[in-house]
Amino acid sequence: MEIPATDMKYLIIFFGAFLIGATALPAQGCTMLFLSEYRDGGGNDGLIELYNPGDAPINLEDYELRIYPNGSLNPQFIDLSGVVLAHSTFVVTHPQASPQLLVLADMTSAMLRMDGNDAVELHGPVTALDILWRIGQDPGPSGWTVHGNASTANANLRRKYTVSEGETDWNRA
């Protein structure tokens, strides 16, 4: 069946308007990086995992981890580098971590030393995107209490699969 030229013109305009409208719809869900895993194996044997829930890769050029050791208000900065692919994770660990952790690493930093009582903040190009624990509070060597009786010291903590974005207020996290 042949479509007349005038009908084809309207068909093209209709589909063009549909496509423009479809791209103008707001994105569903979170598209910003967040902290998805924290692993404290003591000393150099820890890692921080970031998750990109978006549909596009994220260049980490303007992102950093801020580590607030032992209740400090002055962070240690870890400038992130690399790319987190869409719907993928990115792992940062210490360069002297165990071989089991180093094979997971996308990046290493000697500034990443885990002891379970340091607040961790993921900071984006403009603002904080996610935080673990309370900046300026030192919970002591046993770390913060989580889930009633567990501790952040010597622990592997993963976000629930239902979590889809970061939280910058630990009291709500």
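**Basis.** I note that this is a predicted model, in which local features need pLDDT of at least 70, side-chain atom pairs count only at pLDDT 80 or more, and totals for chains, interfaces and linings use all residues. Residues are numbered from 1 along each chain as its sequence is written, and side-chain values use heavy atoms, with hydrogens and water left out.

**Overall chain.** I recorded two helices and 13 strands in the chain. Helices (H or I, at least four residues) and strands (E, at least two) are DSSP runs, numbered from the N terminus. Of the 173 residues in the chain, 37% are buried. Here buried means under 20% relative accessible area, exposed over 50%, and partly exposed in between, with a 1.4 Å probe and protein chains only. The accessible surface of the chain is about 10,300 Å², and carbon and sulfur atoms hold 56% of it. These areas come from the Shrake-Rupley method with a 1.4 Å probe; for residues, only the protein chains shown count as cover. I also checked contacts (heavy atoms within 4.5 Å). Among those between residues at least 6 apart in sequence, 60% join residues at least 24 apart.

**Positive phi.** His87 counts as partly exposed, because its relative accessibility is 45%. Asn70, also not a glycine, has a positive phi of about 50 degrees. I placed Asn70 in the loop between β4 (64–68) and β5 (76–79). With a relative accessibility of 42%, Asn70 counts as partly exposed.

**Thr89.** I then looked at Thr89, which is in strand β7 and is partly exposed at 37% relative accessibility. Neighbours within four places in sequence aside, its contacts are Ser36, Glu49, Leu50, Tyr51, Val84 and Asp106. I read a separation of 9.6 Å between the C-alpha atoms of Thr89 and Glu37, which are 52 residues apart along the chain.

**Aromatic pair.** How many aromatic pairs does the rule count? I found one aromatic pair. Phe34 and Tyr51 form this pair, which is edge-to-face, at 5.6 Å centre to centre and 65 degrees between the planes. Phe34 lies in strand β1 (residues 34–40) and Tyr51 in strand β2 (residues 46–52), so the pair ties together parts that are 17 residues apart in sequence. The rule takes rings of Phe, Tyr and Trp (its six-membered ring) as paired if their centres lie within 6.5 Å; planes under 30 degrees apart count as stacked, over 60 as edge-to-face and the rest as tilted. Phe34 is buried, with a relative accessible area of 3%, whereas Tyr51 is partly exposed at 25% relative accessibility. I also noted that the C-alpha atoms of Phe34 and Glu121, 87 residues apart along the chain, are separated by 9.6 Å.

**Cavity.** Which residues line the largest cavity? I listed Tyr38, Ile67, Leu112, Arg113, Met114, Asp115, Asp118 and Val120. This lining divides into five nonpolar, no polar and three charged residues. Ala, Val, Leu, Ile, Met, Phe, Trp, Tyr, Cys and Pro count as nonpolar, Asp, Glu, Lys and Arg as charged, and the others, Gly among them, as polar. The structure holds one cavity of 30 Å³ or more, and the largest cavity has about 40 Å³ of space. On a 1 Å grid over the protein atoms alone, a cavity is a set of points where a 1.4 Å probe fits but cannot get out, and lining residues have an atom within 4 Å of a point.

Notes:
1 Å grid on protein atoms, 1.4 Å probe; cavity = no way out; pocket = protein on both sides within 12 Å on 5 of 7 lines; lining within 4 Å. Points joined across faces, edges and corners; volume = space filled by probe spheres on them.
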